[in-house]
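Here's a quick briefing to read with the model open beside you.

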Amino acid sequence: GVRVLVGALRRGVAEAAGTLANLARQHAETQAAVVAEGALPDLVVLLATGSPEAQGEAAGALLHVLAGAPQHQGAAAEAGAVLPLVMLLSFGTPAAREQAAATLGHLARGHAANRRAVLDAAAVPALLEMVRGTVAGGTAGGAEGTGVVPDGESGGRGEAAACLRCLLEGEPLAQAELV
């Protein structure tokens, strides 16, 4: 099934990314199959050029390929996932921002080169905006265009905070810059 879904993804069927996300969730064999079928570059293309909903689906698929599978961190970074994920933090839908923050956290967790790549891509300011509960520029989401996340909605705060924790671990210069 993974081969068929990756083929659909390559033909521009964005919904295939969501299906891959669901199949890969907490399933090591499927995570490995998604990587082995070469889906990571296709997911990155969808992250960068897809519709807002497709970008969220692609970020979710990457999240579930990486969750609990650190052996795939290098392949995801090599496929070019870092910059499109960082861009989604500021310009994606609320769901895509949340997925992007969680994915970046998994990409950076315990992987010094990926952590540095995410820091170098300037993810920290957008993550801080998410933790604060605002959207960069105050132009997307939020109550009545204010950029403030309404009460009862996380706005990805937890995911952003967890990502910051992963990014700052073992990075004294980044810690000092944040302070």
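Let's start with one histidine: H27 counts as partly exposed, at 36% relative accessibility. (Buried means under 20% relative accessible area, exposed over 50%, and partly exposed in between, using a 1.4 Å probe and protein chains only.) Keep in mind that this is a predicted model, where local features need pLDDT of at least 70, side-chain atom pairs count only at pLDDT 80 or more, and totals for chains, interfaces and linings use all residues. Residues are numbered from 1 along each chain as its sequence is written, and side-chain values use heavy atoms, with hydrogens and water left out.

**Two histidines in loops**

- You'll find H27 in the loop between α2 (15-24) and α3 (28-36).
- H27 and A67 sit 40 residues apart in sequence, and their C-alpha atoms are 9.5 Å apart in space.
- H72 is in another loop, the one between α5 and α6 (73-78).
- H72 counts as buried, because its relative accessibility is 7%.
- Setting aside neighbours within four places in sequence, H72 is in contact with Q31, A32, V35, V65 and L66; contact means heavy atoms within 4.5 Å.

**The chain as a whole**

- The chain has twelve helices and zero strands. Both are DSSP runs numbered from the N terminus: helices are H or I with at least four residues, and strands are E with at least two.
- Of the 179 residues in the chain, 45% are buried.
- Take the contacts in the chain with a separation of 6 or more: residues 24 or more positions apart account for 68% of them.

**Helix α5 and its partners**

- Two packed helices are described by the angle between their axes and the distance between the axes. Here the axes are lines fitted to C-alpha atoms, for helices over the stretch in contact, and the angles run from 0 to 180 degrees between N-to-C directions.
- How do α5 and α8 cross? The axes of α5 (residues 52-66) and α8 (residues 94-108) come within 8 Å and cross at roughly 30°.
- That makes α5 roughly parallel to α8, since angles under 35 degrees count as roughly parallel, over 145 as roughly antiparallel, 65 to 115 as roughly perpendicular and the rest as oblique.
- The crossing of α5 and α8 is left-handed. That word applies if the near helix is turned anticlockwise from the far one by less than a right angle; clockwise would be right-handed.
- On the α5 side, G56, A59, G60, L62, L63 and L66 meet A96, Q99, A100, A102, T103, H106 and L107 of α8.
- Sorted by class, the contact of α5 with α8 has eight nonpolar, five polar and no charged residues. (Ala, Val, Leu, Ile, Met, Phe, Trp, Tyr, Cys and Pro count as nonpolar, Asp, Glu, Lys and Arg as charged, and the others, Gly among them, as polar.)
- Helix α4 (residues 39-49) packs with α5 at an angle of about 145°, with the axes 7 Å apart, and this crossing is left-handed.
- L40, L43, L46, L47 and A48 of α4 make the contact with A54, Q55, A58, A59, A61, L62 and V65 of α5.
- By class, the contact of α4 with α5 has eleven nonpolar, one polar and no charged residues.

**Cysteines without a bond**

- The structure holds zero disulfides, a disulfide being a pair of cysteine sulfur atoms within 2.5 Å.
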